[in-house]
Amino acid sequence: MSGHPLLRLSCRLRPAFEPRARSTAARCILTCFALAALLTAGCAHYVPAPVSPGQSLEDFEARRLDAPELQRHLERLGVTPDEHPGQWDLRRLTLAAFFYSPALDAARAEWGVARGGVVTAGSRPGPTVGAAVGYNTTTPTAEVTPWIFDAALDLPIDIAGRRGIRIAQARQLSEAARLNVLSAAWQVRSHVRQSFLELDAARRAASQLDAQQENQAEIVRILEYRRGAGDISPYEVSQARIALANGRTAVLENRQRRARALSELADAVGVPPAALDGVTLLPGEIGQLDLRPPEREIKLRALTGRADILAALAEYEAGQEALRLEVRKQYPDLSFGPAYQLDQTDIKWTLGISIALPPLNRNQGPITEAEARRSGLAARFLALQSAVFAELEQAIVSVGPAAEQLRLAEGLLEQLDAEQQASAEAYRIGEISKLELLTLRGEFIAAALSQLDALAGARAAFGSLEDAMQSPLDIGEWVLEPPAREPETGGLRND
């Protein structure tokens, strides 16, 4: 039997149809049913909550970043509306994703199930009330009535330690589910950051590519004029035209990149792409690309403090408690049952003790399963820690070269910017031709595009380091609770 040994108290009354007996039996039966009615008062009632795919689609398409409920949620978190409506930075978009994300809602729901499991594990077996009527065919009806009425009340009492073990196991599972909510929040934040940075990089590159196209078109026009005058060969013009065509291809590819990044950002936030129409994205300061804690501190913080690692550790502790519970089930359950009986005016007392014998194999099957499950949880924890360590190593290794590449690209851009300014002055006084000026400007634009690529790479590298560390992220306990949205129908109602 599962659970702790039970102490059962039973009361059975069998009165005859004599006046005193009938009165005693009636009071006993009414008391039992009154107790049953009292115990069932205030029960929860089921209210259906149907899910309609069509309605869900309409609700999703109606989501907006300027929704009043979202604005109220942001204000509760201390995020005041901007002076210029429609402008969103990475932090505000992340908070909006926490508000709308279905993945986060699913993790919160799992935590709710685990919290309910704690209540279930701590509940004690409830009393049982019953009544029965019988007829004694051998009793002389002239002397005593043959009808027999029984009323029974069972009060199981948990006296062993299994309930405490079940509670400890449920609490560990609840803690694991709570940490999984924080881990899901990190996944949401990471998705928002990646798509946000990709969209920002595509938008930054768009202006440079347009300038490159304009500059290259002017170069082609000058070369065609010179070829007409016989100063250059058609090959030089052909090469310039190929560069112009390649630039147009780059512009088209960047437009696709922007559209794809916009769609991914909408998906990360949990809104339809139309909700981002007319929204101005403010890159702001996205992380400190030149500062990071020491490598040992990074590894220690990640390998001991990440939410998913702590959740796996809590699940292992729950496995420990599960094994402990199966070991306790080797011992027998006891049942102690004193009874009172009124049998045809005869009052009888009885006292009984019963022992539910354990399985003949001493519960070895469930114990073996629990041991194997605990070993699997330990292996899962070690595998996760190993994967996190590898992720950290890759992130740490990539940060340094990415930051150095950005530094070199910025240095080259500054050098070409100075040369471009000097060439503009030289062109003004007639020392160089316009073609030479346009060529230097083209080199500067190419360096600017390289700097943008290096910036995107550095941001991605530092973002991967943040993901591996799961730090920093300014979230609190509020992310664990479902946000206040429109009231839902269905569920349970307490009367």
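Which helix holds S195? S195 lies in helix α6. Helices (H or I, at least four residues) and strands (E, at least two) are DSSP runs, numbered from the N terminus. This is a predicted model, in which local features need pLDDT of at least 70, side-chain atom pairs count only at pLDDT 80 or more, and totals for chains, interfaces and linings use all residues. Residues are numbered from 1 along each chain as its sequence is written, and side-chain values use heavy atoms, with hydrogens and water left out.

View 1. S195 counts as buried because its relative accessibility is 2%. Buried means under 20% relative accessible area, exposed over 50%, and partly exposed in between (1.4 Å probe, protein chains only). The side chain of S195 reaches the backbone oxygen of V192 at 3.1 Å. Beyond residues up to four places away in sequence, S195 touches A261, E264, L265 and A268. Contact here means heavy atoms within 4.5 Å.

**View 2. The largest nonpolar core, with 45 residues.** A nonpolar core is a set of buried Ala, Val, Leu, Ile, Met, Phe, Trp, Tyr and Cys residues joined through side-chain atoms within 4.5 Å. L65, L70, W88, L93, V192 and L265 touch the most other members. At least two residues each come from α3 (68-76), α4 (90-100), α5 (102-122), α6 (162-228), α7 (234-269) and α9 (307-328). The largest share, 12 residues, comes from α6. A second, separate core has 22 residues, including A409, A454, A458 and L465.

**View 3. The contacts of L65.** Neighbours within four places in sequence are left aside. L65 is then in contact with L70, Q71, W88, L93, A96, V269, V271, A275, L276 and V279.

**View 4. Helix α7 from end to end.** At 1.5 Å a residue, the 36 residues of α7 should span 52 Å. The expected span is 1.5 Å times one less than the number of residues. The end C-alpha atoms of α7 are 52 Å apart, which agrees. Among the buried residues of α7 are V237, L244, N254, R257 and A261. What covers the buried residues of α7 includes α4, α6 and β7 (280-282). G270 follows α7, and its phi is positive, near 95°.

**View 5. R441 in helix α11 (residues 434-469).** R441 counts as partly exposed because its relative accessibility is 34%. Leaving aside neighbours within four places in sequence, R441 is in contact with N215 and Q420. R441 and D417 are 24 residues apart in sequence and 8.7 Å apart in space, C-alpha to C-alpha.

Definitions and conventions:
Polar contact = N/O pair within 3.5 Å; in protein donor to acceptor, adjacent residues only side chain to side chain.
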